[in-house]
Amino acid sequence: MYPCTLTREDAEMVATSEQKQYAKAAALSYKGQEQSFSLPIGRIAIASQELGFQPSGIQSFGSLIAIADYFGPAVLLAEASVDGGTLNLRKIRWIRGTIAGKESVRMFPDINPSSGVNRIQTAVIYSGSELGLIRNGERKIFRVVYRDGKWCHKGETCFPKDDKNYMMHSAALCDDGRLLTIESGGDLKDWRLYEYKDGHRLLGSDRLASYRYGIAIRKRDRAIFTIGDFRAKQKGIFINNALRVPDIAGNGIVLLNDGMDGALVVRYGGGHPGPFNGIPGALLHVPSSLIS
């Protein structure tokens, strides 16, 4: 028979053994994740690939894309390109944690005080080694830099509040340093497109229909792309607030090669009204013929 209680020495041995097993399992947990991916695409049809997570935003910086994993919270980074009839994602890597001071944390340096959980909304790309993380329901950007093989927090950029207490849903950087954002009130009724410069809101704003997400800027004509999600009265891709590609729902959009190679759209499906907890998240490619 085994004793009902362990001695202190036995308990320490069990704890040490469990720690070693946990460390070994943790080291193997992401061993099989993909480092490259290819998707056949067409010239007139939208191609779709289901994802194993729920994406809430996508941004680009040259060929580099960053997809926010809402529940992770985490960020997927990859180099995206189109070669003939194939979309290629190469050098896929994940940011699943960051360093805040001397502490390793799950992306953010604290827990969101209003909700008690951390959910990432989108990631702004400043450079290949610096990102801005936007947390769900907040008005600040957490700046992180890649240093000594790790992503480390370097500070926060806070944005002014007004009487309507707008939440940031999407954000994108312009070449001139302006930051474009899509924001709404807490009741998710009044949605607007704002511009910021050095953290200060510029005068004026454009009213948007509810549940419009994602911002992509076409450089050659400065056209602004947005997309409505499944809750929007008009789903689809909008260019300068005019519907261009109907019946496609998404929560983020980027242009590949300034739109010459089409666009990438991410779809958050967890809240979609379907049978088994909604539909899967997905990455979609929209050919250039539909957005030119």
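Colleague: Which residues have the most contacts inside the largest nonpolar core?

Modeller: Some conventions come before the reply. This is a predicted model, in which local features need pLDDT of at least 70 and side-chain atom pairs count only at pLDDT 80 or more, while totals for chains, interfaces and linings use all residues. Residues are numbered from 1 along each chain as its sequence is written, and side-chain values use heavy atoms, with hydrogens and water left out.

In soluble globular proteins, nonpolar side chains tend to be buried together. A nonpolar core is a set of buried Ala, Val, Leu, Ile, Met, Phe, Trp, Tyr and Cys residues joined through side-chain atoms within 4.5 Å. Buried means under 20% relative accessible area, exposed over 50%, and partly exposed in between (1.4 Å probe, protein chains only). Here the largest such core has 20 residues, and I58, I65, I67, L87, L89, L264 and L283 have the most contacts inside it.

Colleague: Which elements give two or more residues to this core?

Modeller: Elements are DSSP runs numbered from the N terminus: helices are H or I runs of at least four residues, and strands are E runs of at least two. Those giving two or more residues to the core are β1 (37-40), β4 (64-69), β5 (74-83), β6 (86-95) and β23 (263-267). The most comes from β5, with four residues.

Colleague: With which residues is I65 in contact, leaving aside its neighbours within four places in sequence?

Modeller: Contact means heavy atoms within 4.5 Å. With those neighbours left aside, I65 touches I58, Q59, S60, L76, L77, A78, A80, L89, I125 and L264.

Colleague: How should I read a sheet, and in what order do the strands of the open sheet with β18 stand?

Modeller: Strands of a sheet pair through backbone hydrogen bonds, either parallel or antiparallel. Two strands are taken to pair if DSSP finds at least two bridges between them. In this sheet the order is β18-β19-β20-β21, and the pairing is antiparallel. The edges are β18 (212-218) and β21 (242-246), each with a single partner strand, so one side of each has no neighbour in the sheet. Neighbouring strands are turned by 25° against each other on average, direction ignored; axes are lines fitted to C-alpha atoms, for helices over the stretch in contact, and angles run from 0 to 180 degrees between N-to-C directions. Within the sheet, β19 (residues 223-228) and β20 (residues 236-239) pair over four bridges, and F225 has I239 in β20 as its bridge partner.

Colleague: What is the order of the open sheet that contains β23?

Modeller: That sheet has four strands in the order β2-β24-β23-β22, with antiparallel pairing. At its edges are β2 (47-50) and β22 (252-255), each pairing on one side only. The twist from one strand to the next averages 20°. Four bridges join β22 to β23, and V266 in β23 is the bridge partner of G252.

Colleague: How many salt bridges does the structure hold?

Modeller: A salt bridge is a side-chain nitrogen of Lys or Arg within 4 Å of a carboxyl oxygen of Asp or Glu. The structure holds 16 of them. One joins K154 and E130 at 3.4 Å, N to O. K154 lies in strand β12 (residues 150-158) and E130 in strand β10 (residues 130-135), so the pair ties together parts that are 24 residues apart in sequence. K154 is partly exposed at 48% relative accessibility, whereas E130 is buried at 14%.

Another joins E138 and R135 at 2.8 Å, N to O, and both of these residues are buried. D110, R135 and E138 are linked in a network of salt bridges.

Colleague: How many aromatic pairs are there?

Modeller: Rings of Phe, Tyr and Trp (its six-membered ring) pair if their centres lie within 6.5 Å; planes under 30 degrees apart count as stacked, over 60 as edge-to-face and the rest as tilted. The count comes to 10 aromatic pairs. In one of them, Y166 and Y194 are edge-to-face, at 5.7 Å centre to centre and 70° between the planes. Y166 is buried at 2% relative accessible area, and Y194 is buried at 7%. The rings of W191 and Y213 have centres 5.3 Å apart and planes at 75°, so this pair is edge-to-face. Y70, F71 and Y268 form one aromatic cluster.
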